[in-house]
Amino acid sequence: VEEHGLARGKVLDIGAGRGYLQDLAPDYTGLDISATARRFFHKKFVLGSATSMPFADNEFDGAWSIWVLERVPNPEAALAEIRRVIKP
């Protein structure tokens, strides 16, 4: 987060699972397809799919996704969505 200048940015964790990384960024949003993941979050959690994210274009300054894209049936669609929601 510090290395990439995201300490003051808005960060999206795609496929956030249990939210282990939610304390790395002050302005953090976790996205996961599983509604049961919500119970692990004390920061913002959004129920949704990596291939159809419920966010505006250019809403986030950065994003990460760990061990998720290999499980997405259409990873190209997920990558296009990530590009859409990240600022240039």
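This dialogue reads a few features of a predicted model.

Q: Which residues of helix α1 are buried?
A: An α-helix has 3.6 residues a turn, so residues three or four places apart point the same way. In this model, α1 covers residues 75–85, and its buried residues are A78, E81, I82 and V85. Viewed down the axis of α1, these buried residues fall within an arc of 100 degrees, so they line one face of the helix.

Q: What do the buried residues of α1 pack against?
A: They pack against β1, residues 10–14. Four of the five residues of β1 are themselves buried, so this strand is largely enclosed by the rest of the structure.

Q: Which strands pair with β1, and in what sense?
A: In a regular strand the side chains alternate between the two faces of the sheet. Here, β1 pairs with β2 in the parallel sense over five bridges. With strand β4 (residues 62–64), β1 also pairs in the parallel sense, over three bridges. Individual partners can be named: V11 has Y28 as its bridge partner in β2, and D13 has W64 as its bridge partner in β4.

Q: How many aromatic pairs are there, and how is such a pair described?
A: A pair of aromatic rings is described by the distance of the centres and the angle of the planes. The count for this model comes to four aromatic pairs. One of them is Y28 with F41, a stacked pair with 6.4 Å centre to centre and 20 degrees between the planes. This pair links distant parts of the chain, 13 residues apart: Y28 is in strand β2 (residues 27–32), and F41 is in the loop between β2 and β3 (44–47). Both Y28 and F41 are buried.

Q: What other ring does F41 pair with?
A: F41 forms a tilted pair with F45, at 4.9 Å centre to centre and 45 degrees between the planes. F45 is buried, as is F41. Ring pairs join Y28, F41, F45 and W64 into a cluster.

Q: Where does the charged end of K10 sit?
A: The charged end of K10 sits over the ring of F60, 5.2 Å from the ring centre. K10 also forms a salt bridge with E59, whose closest N and O atoms are 3.1 Å apart. Since K10 lies in strand β1 and E59 in the loop between β3 and β4, the pair ties together parts that are 49 residues apart in sequence. At 22% relative accessibility, K10 counts as partly exposed.

Q: How many salt bridges are found in the whole structure, and which residues are linked in a network?
A: The search finds five salt bridges, and D57, E81 and R84 are linked in a network. Between D57 and R84, the closest N and O atoms are 2.7 Å apart. That pair links distant parts of the chain, with D57 in the loop between β3 and β4 and R84 in helix α1, 27 residues apart. E81 forms a salt bridge with R84 as well, the closest N and O atoms being 2.7 Å apart. E81 and R84 both lie in α1, three residues apart, about one turn of the helix.

Q: Are E81 and R84 buried or partly exposed?
A: Burial here means under 20% relative accessible area. At 12% relative accessibility, E81 counts as buried. R84 has a relative accessible area of 24% and is partly exposed.

How values were computed: Residues numbered from 1 in each chain as written. Predicted model: local features only at pLDDT ≥ 70, side-chain atom pairs only at ≥ 80, totals over all residues. Heavy atoms only, no water. Buried < 20%, exposed > 50% of the residue type's maximum accessible area, 1.4 Å probe, protein only. Helix = DSSP H or I, 4+ residues; strand = E, 2+ residues; numbered from the N terminus. Arc of directions from axis to C-beta. Contact = heavy atoms within 4.5 Å. Phe/Tyr/Trp six-rings, centres within 6.5 Å; stacked < 30°, edge-to-face > 60°. Lys NZ or Arg CZ within 6 Å of the ring centre and 35° of its normal. Pairing = 2+ DSSP bridges. Salt bridge = Lys/Arg side-chain N within 4 Å of Asp/Glu carboxyl O.
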